Structures are given as C-alpha cells and as structure tokens.
Amino acid sequence: MIINKKFEFNFDISEPKQKNNIVLFYLSNQEQIVNNYITFPEAFSKNLVKVEEVNNKGVVRYLKVTNISDQKLLILESEQIIGNGIKQNRVVDSTTLIPEFSNVTLKVSCCEKNRWAPLVGNELNLSDSLYFSKGRINNSEDIYKKSNTDQFKIWDDISDKLKEFGSRSFTGSVEDIYNKRRNNVEEIVSSFNPGPNDIGVAIATANCLVSLDIFFSNDVFKIYLPKLIRSVALDSFKKTGYKSFVKTADVYKLLRLIEHSEKKIDKPNMGTLGQQIRFNSDLVVGSSLYYEEEMIHFSGFLKDKVNIPQYKSKVA
C-alpha cells in the first residue's frame with residue numbers, strides 16, 4: 001500500500017572524513033533512544049540466540065531464529081550468517097526485531113551457491129562484514145518491487161565480485177572475498193572513529209554517495225559501523241588515489257531524494273515487532289524499521305545505475 005510518509009530526519013551532518021577513496025559523513029543527534037535491545041552480534045557472542053534450519057531438509061529462503069535473551073533482538077538487513085551449522089551461508093533480507101524469549105522464521109537468501117549440506121563440524125557465526133553494497137542495493141530494490149530478493153541475481157552478483165577480486169571459492173561464497181582482502185579492508189576500517197553523539201553514517205566512494213544508515217543509539221551504531229565500512233570497501237578498495245568532491249550538501253540532497261520517493265508499508269514477518277516502511281524511485285531505494293513510533297534502523301541507497309560524474313583528479 002502506497003503511503004504519504006515523511007521520515008523527518010533530525011541530525012547534524014559532519015564534514016567528510018576520508019581514507020583512500022572511502023568517504024564518511026557522520027550523522028549526530030544528542031537525543032537518543034534508551035538502548036533496550038540486544039544486537040545480533042552481541043547475542044551471538046553471549047550465546048543468547050540460536051539459529052538453525054527450519055527443519056531437517058532445510059529451506060533456502062528461511063532460517064529459524066530463537067531469541068533466548070530478556071531483551072528484544074535486533075537483526076540487521078544484510079547480516080551474513082555463516083558456518084557449518086546451517087546447510088549454506090545466508091544473508092538476511094530485512095531488518096528484523098524479535099521479542100524476548102521467542103522464535104521466528106527469518107527471511108533470508110543464499111550467499112553460498114554451491115553448498116547445501118552441513119560439513120564436518122557445527123560452527124556458526126556472523127560475518128565481520130555486511131553483504132557488499134551493490135548487493136544491498138539490488139536486494140532492497142527487488143524486495144520493494146517483488147516482495148522477495150532475486151536469488152539468481154544474488155548468485156550472479158557474487159560470481160561477478162569473485163571474478164573482480166580474482167578470488168576462487170569452491171562453494172561460491174561471498175565470505176571468501178572478504179577473507180582474501182581482509183588486511184586491506186581493515187586498514188580502512190581502523191581509520192574511522194565515531195563520536196559519542198553519532199548515530200549514523202553516509203558513505204561515499206570517491207565522488208559517488210553509496211549508502212546511508214541511521215540507528216536509534218550511538219552504542220548500536222558503533223557496533224555496526226565497521227560492518228558498514230567493510231561492505232562498501234569490498235566494492236571499491238581498488239579505486240584508490242582520487243580526490244573526493246563529495247560535500248555535506250550532497251548528503252542533504254540525498255535526503256531530499258529519499259523524502260520525495262514513493263513509500264509503502266511492507267508486511268512484517270509473523271511474530272516480529274515494528275513496521276517496515278520501504279521507499280523507491282529511479283534514483284534511491286531503501287527501508288526503515290519503526291517500533292513504537294521510533295526509528296530503529298534506516299538504510300538508504302543511491303542506485304548503482306545513477307550516472308554521477310567521476311572526477312579523475314589525483315591526490316598529490
């Protein structure tokens with residue numbers, strides 16, 4: 001259902017911070033929601049979440065997630081669940097909020113094409129990176145238009161990325177790309193440190209804004225910032241040595257494009273909390289999860305096909 005909705009962004013935008021061709025603009029707000037949630041990475045590290053196939057045979061599009069904590073569990077779209085404890089690695093379709101002491105069927109997509117059986121062992125974890133930014137854009141657009149990701153497009157995106165990086169993966173896993181370039185990517189990640197009032201970030205590569213993510217608190221933002229940087233760096237770390245011309249004004253322009261996009265309410269997974277608002281236009285796409293009228297997580301993207309001039313001015 002198409003709706004008339006304004007996101008009512010309320011934050012300050014920093015001047016750009018740059019490492020190689022990765023440019024960050026921090027979004028800050030002194031008024032933050034009290035953090036009464038546990039994030040997926042925190043729950044994994046404290047053994048407060050259980051992830052498994054929905055049955056013995058398994059279903060590519062779904063995983064069973066049990067929140068065994070006394071806090072609401074926040075799972076971010078594009079989180080990658082990896083390891084031998086499930087039949088193949090998966091990427092989460094949509095940001096999801098799960099009530100305390102409950103289980104849900106989580107919508108996911110396959111990000112490891114050539115494996116469909118647990119290997120020897122029972123290891124399960126989260127990737128240190130979110131799904132790479134081009135894939136996040138494509139998935140978000142497909143969900144808006146068709147209510148589901150395009151599994152064949154996901155496999156094609158991963159195959160293209162493996163070829164781009166000269167990586168070989170027997171199972172066609174996107175995780176193998178990050179592992180090959182870990183040292184390069186971590187050098188970029190370590191260069192950025194958010195302030196105490198920062199709750200979000202707009203990320204650009206050279207002269208093109210890529211993504212915008214906003215969270216309800218600084219604590220949660222700091223957990224996910226490294227994952228966000230890695231997801232963009234995997235699409236761009238080769239393109240070094242260029243001066244960036246992206247300015248704070250460009251982030252405001254992106255926000256205006258988002259506000260003027262078409263918006264609709266997305267049907268939530270059964271048993272989950274909150275309301276998902278999705279938006280789309282020729283230029284931007286994304287979504288925002290609200291719970292009790294508060295924005296929990298917002299993700300927005302400038303579409304990859306947008307033609308933005310690339311200035312080839314070398315950094316001295």
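First thing I wanted to know: is the crossing in which α5 passes α6 left-handed or right-handed? I looked it up in the model, which is a predicted one, and α5 passes α6 in a right-handed crossing.

Entry on the geometry. I noted that α5 covers residues 182-189 and α6 covers residues 218-233. Their axes sit 10 Å apart, and the packing angle is about 130 degrees.

Entry on the contact. From α5, I listed V185, E186, I188 and V189. What they meet in α6 is P226, I229, R230 and A233. Sorting the residues of this contact by type, I got six nonpolar and two charged, with no polar ones.

Entry on the whole chain. I then zoomed out and found seven helices and 19 strands in the protein chain. The radius of gyration came out at 19 Å, close to the 20 Å from the globule rule for 316 residues, so I put the chain down as being as compact as a globular protein of that length. Along the principal axes, the C-alpha trace spans about 55 × 45 × 35 Å.

How much of the chain counts as buried? I got 56% of the 316 residues. I also checked contacts with a separation of 6 or more: 68% of them are between residues 24 or more positions apart.

Methods:
Residues are numbered from 1 along each chain as its sequence is written. This is a predicted model: local features need pLDDT of at least 70, side-chain atom pairs count only at pLDDT 80 or more; totals for chains, interfaces and linings use all residues. Side-chain values use heavy atoms; hydrogens and water are left out. Axes are lines fitted to C-alpha atoms, for helices over the stretch in contact, and angles run from 0 to 180 degrees between N-to-C directions. Helices (H or I, at least four residues) and strands (E, at least two) are DSSP runs, numbered from the N terminus. A crossing is left-handed if the near helix is turned anticlockwise from the far one by less than a right angle, and right-handed if clockwise. Contact means heavy atoms within 4.5 Å. Ala, Val, Leu, Ile, Met, Phe, Trp, Tyr, Cys and Pro count as nonpolar, Asp, Glu, Lys and Arg as charged, and the others, Gly among them, as polar. The radius of gyration is taken over C-alpha atoms; the globule rule is 2.2 Å times the number of residues to the power 0.38. Buried means under 20% relative accessible area, exposed over 50%, partly exposed in between (1.4 Å probe, protein chains only).
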